[in-house]
Amino acid sequence: MKRRDFIKQAGIGAVATTSVAAPAIVSADTKIKWKMVTTWPKNFPVLGTGANQLAKLITQLTDGRIKVKVYGAGELIPAFEVFDAVSRGTAQMGHGSAYYWKGKIEEAQFFSTVPFGMNAQEMNAWLYFGGGMELWKESYEPFGLIPAAAGNTTVQMAGWFNKEINSANDLKGLKMRIPGLGGEVLKRAGGIPVNLPGGELFTSLKTGAIDATEWVGPYNDLAFGLYKAAKYYYYPGWHEPGTTLEAIINKQAFEALPGDLKAIVENACKVVNQDMSLEFAAKNNAALDTLVNKHKVDVRKLPDDVLAKLKALSHEVVSDLAAKNASAQKIYDSYNKFYKQISAWHEISEKIYFNVR
Ligand code: CA
């Protein structure tokens, strides 16, 4: 029996879900205090401040009936314990991204981003109207968690390089900080993916410990000063074309809310999901201008044959992920079917319009 199925059947790993009693509904004048733990450093641009906005919105819209206090990474628990902390109810909410939990649920990576996969708008369309959200909820159910989309980085940049990439051969031996599925793709292309926390990127790049790093996009990258540590800034972010950020909510805490508060929590996530994409769009645009015109950054497109190679390898990596278990295959099939359909529509709408405007 596959481990995941075993977990499902045995109900283990599902700390908060085994209760069959109806949850006690809190009365309208009860003040509820929730903790939100995040994978981001406190007030981290857009990602951390977006989590702050979500907390503030819930508090405002409920007129203080739910007060949400945000904890940055390491304040209450370390960044990568967010999932477990919310699952066991140490905190009622968390903010991060699903691919951080691949050690527990490998297929959760589909709910963050897929190399050469859907962009922010397409991901949201799949999640809200294409069955993605139902699959995501099913995935987190054994852990007593309810997921919600709560932000999107939009298309990232390929990253900062101290080596020119002129052909797929230049990827061989390239030591690059690139996590997740993108890292696996680079490995298959002969590169050496490494995973480093954000705080170590600048020094590692500057000292030559790594040849390249990806981070997010112009706004976050400018704030990190990465232009002072690398010669070339390559695009596009093939490995993270629209990474969905998530809010996770302890199911028992959520079920205890009256209907109006449930609706507020769900819809506050939707507001932040949209706002964060727009903030990234606005700030990336201004930051790119600063990088190019003030800091004279050499912005380059990855050559077409390099992108073609990475794309072919990405399909292999993602198919292998889908083949890991029945649940991964089900999510992949849904994702892929939606992706094909929306791509056909976007060929004659968004894409052609971008080319002709
Ligand atoms: Ca990234």
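Let's start with a definition: on a 1 Å grid over the protein atoms alone, a pocket is an open set of points where a 1.4 Å probe fits, with protein on both sides within 12 Å along at least five of seven lines, and its lining residues have an atom within 4 Å of a point. This is a predicted model, where local features need pLDDT of at least 70, side-chain atom pairs count only at pLDDT 80 or more, and totals for chains, interfaces and linings use all residues. Residues are numbered from 1 along each chain as its sequence is written, and side-chain values use heavy atoms, with hydrogens and water left out.

**Exercise 1: the largest pocket**

Find which residues lie nearest the centre of the largest pocket, and which helix gives the largest share of its lining.

Step 1. Locate the middle: 40 residues line the largest pocket, and G117, N119, E122, V155 and P241 lie nearest its centre. Its volume is about 1,500 Å³, counted as the space filled by probe spheres set on the points, which are joined across faces, edges and corners.

Step 2. Now the helices (DSSP runs of H or I, at least four residues, numbered from the N terminus; strands are runs of E, at least two). At least two lining residues each come from α4 (120-129), α10 (259-293), α11 (304-322), α12 (326-347) and α13 (350-356). The largest share, eight residues, belongs to α12.

Step 3. Sort the lining by class: 21 nonpolar, 13 polar and six charged residues. Here Ala, Val, Leu, Ile, Met, Phe, Trp, Tyr, Cys and Pro count as nonpolar, Asp, Glu, Lys and Arg as charged, and the others, Gly among them, as polar.

**Exercise 2: aromatic pairs**

Describe the pair F44 and W215, then the pair W136 and Y140.

Step 1. Know the rule: rings of Phe, Tyr and Trp (its six-membered ring) pair if their centres lie within 6.5 Å; planes under 30 degrees apart are stacked, over 60 edge-to-face, and the rest tilted. The whole structure has 21 aromatic pairs.

Step 2. F44 and W215 are edge-to-face, 6.1 Å centre to centre with 80° between the planes. F44 is in the loop between β1 (32-38) and α2 (47-61), and W215 is in the loop between β8 (212-213) and α8 (218-223), 171 residues apart. Both F44 and W215 are buried.

Step 3. W136 and Y140 are edge-to-face too, 6.1 Å centre to centre with 75° between the planes. W136 and Y140 are four residues apart in helix α5 (residues 132-140), so about one helical turn separates them.

Definitions and conventions. Buried < 20%, exposed > 50% of the residue type's maximum accessible area, 1.4 Å probe, protein only.
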